[in-house]
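Biologist: Please take me through this model and set each label against its definition.

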Amino acid sequence: MDLKAKNSLLATFSENPKLDLFSGKDSPGKTLLEKGAACEKGKEAVDSENSNQDEKWVERDLLNLSESKGTASKRQAEEDFQESEKRPKLETLKSNLRILESKDGGKPRKISRPERILREILSESIISIAQTIHELPEETLELTKEYLRNLISTPEKKAELVGLQNRLEMRSDLTKETLSKCHKDQLKILVAVRTSLKSFLSRNIRLPMTDMIEIFLFMRCRNMNCKSLLPVDDYDCKICSGNKGFCSSCMCPICLNFDCASNTCSWIDCDVCSHWCHVACGMQKNLIKPGPSLKGPSGTTEMQIHYIGCGHASEMFGFVKDVFLCCAKEWGPETLIKELDCVRKIFRGSDDSRGKDLHIKAEELFIRLQNKMMPAADVCNTILWFFNVEALNTPPLSR
Ligand SMILES: [Zn+2]
Ligand SMILES: [Zn+2]
Ligand SMILES: [Zn+2]
Ligand SMILES: [Zn+2]
């Protein structure tokens, strides 16, 4: 490509919002958002979803909305002339767009208006979006949020969401200072994309702007029930330092999701480093397995969880027993089934007799309860009796 052709392509590139979205810098032309606002304000329908047309022509329509109707035919003539003159370049741009879109993880496809607005919010400068979002009708903003909500909750669209997150990742202008100039809905959208949490889009969210900004910048936990300042650890932990936004007070180092579960055998914390772990995630990674007994007679084994952060092994029998003795009376049948299911799975590979007995007992009670062969209250009493008798027979082992 010669220099002239390249310059001309670049010029059109930056005029075309579809393409400039990817540069992450200010567009010299009017942005789609601005156009959208103008469009809605003028109550004039312009089909910005028509991807067969160059955005440029739509933009001209919008810019001309304020003109008197008399100039319309003149404008049309101008456009017809320019359109025929620029068609080859348009083809080049379309193919560029296709390449860019396929880089985004998807096949070439039609981009809807809410999606374009969303992309613009994520790509254009904070200030320009903050200004135009004020003028955007509530309805349009709602449609954009709805599009994002759908994107977050549809597993098949994961690649698309990751593409948007990567785009945010590439921007260097998103600092505490610039973000403080955000429109509140703009910030909600930025945070929701970054955290993959649609709860940030809620109308009822009552988080101060500063908290939202800190969540966006990975300085604060995204779990609204936790909101710890990050990192929580004051020591050099490879999990906390290796995962942006990871909160050891409430997140699982394996699936990286937060959990606020309590009174359950399915969510366990380490005595040494206080990091949590889903028992199901630990089993998936083979972190729950028999190991040499920590406090029992030498040469014996017990079921342990090995924490990936600190490498500490913690025995499971005492933990499960404590949870049941403390909470089982309060559980309904559904919870009791889930907890027994968890226990039978934890102790499935036991080598020691205690672990084996617990596995057999939990399995038996789980089946009886599930098949309604035994009332929940009886199941509960039986497992509590098992733990109490076991406690009489062996010296207590603390976790
Ligand atoms: Zn940590
Ligand atoms: Zn947290
Ligand atoms: Zn997990
Ligand atoms: Zn630990």
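**Labels and their cut-offs**

Modeller: Ile-308 lies in the loop between β4 and β5 (313–315), where strands (E, at least two residues) and helices (H or I, at least four) are DSSP runs numbered from the N terminus. This is a predicted model, in which local features need pLDDT of at least 70, side-chain atom pairs count only at pLDDT 80 or more, and totals for chains, interfaces and linings use all residues. Residues are numbered from 1 along each chain as its sequence is written, while chains are lettered from A and ligands numbered from 1 in the order in which they are written.

Biologist: Why is Ile-308 called partly exposed?

Modeller: A residue is buried if 20 or more other C-beta atoms, placed from the backbone, lie within 10 Å of its own, exposed if 12 or fewer, and partly exposed in between. Ile-308 has 18 other C-beta atoms within 10 Å and is therefore partly exposed. Ile-308 touches Ile-239, Pro-253 and Leu-287, leaving aside residues up to four places away in sequence; a contact means C-beta atoms, placed from the backbone, within 7 Å. Ile-308 and Lys-238, 70 residues apart in sequence, are 9.5 Å apart in space, C-alpha to C-alpha.

Biologist: What makes Lys-329 count as exposed?

Modeller: Lys-329 has 11 C-beta neighbours inside 10 Å, so Lys-329 counts as exposed. Lys-329 is in the loop between α15 and α16.

Biologist: Which residues have the most contacts inside the largest nonpolar core?

Modeller: They are Met-316, Val-320, Val-343 and Ile-346, in a core of 40 residues. Such a core is a set of buried Ala, Val, Leu, Ile, Met, Phe, Trp, Tyr and Cys residues joined through C-beta atoms within 7 Å. Elements that each supply at least two residues of this core include β4 (301–306), α15 (317–327), α16 (333–346) and α17 (353–370). Met-316 touches Ile-288, Met-303, Gln-304, Ile-305 and Ile-346, again not counting residues up to four places away in sequence. Apart from this core lies another, of 27 residues, among them Leu-122, Ile-129, Ile-152 and Cys-182.

Biologist: Why are α6 and α8 called roughly perpendicular?

Modeller: Axes are lines fitted to C-alpha atoms, for helices over the stretch in contact, and angles run from 0 to 180 degrees between N-to-C directions. Under 35 degrees counts as roughly parallel, over 145 as roughly antiparallel, 65 to 115 as roughly perpendicular and the rest as oblique. Helix α6 (residues 113–123) and helix α8 (residues 138–153) pack at about 90°, with axes 8 Å apart, and are therefore roughly perpendicular. Pro-114, Glu-115, Ile-117 and Leu-118 in α6 meet Leu-143, Thr-144, Tyr-147 and Leu-148 in α8.

Biologist: How do you know that α17 and α18 are roughly antiparallel?

Modeller: Their angle is about 175°, with axes 10 Å apart; α17 and α18 are therefore roughly antiparallel. Among the residues that meet are Leu-365 and Leu-369 in α17, and Val-379 and Phe-386 in α18.

Biologist: What is the pLDDT over residues 36–104?

Modeller: There the pLDDT, the predictor's confidence in each residue from 0 to 100, stays under 50. Over residues 1–30 the pLDDT is also below 50. Where pLDDT is low, the predicted coordinates should not be read in detail. The chain averages a pLDDT of 79, and 71% of the residues score at least 70.

Conventions:
Contact = placed C-beta atoms within 7 Å.
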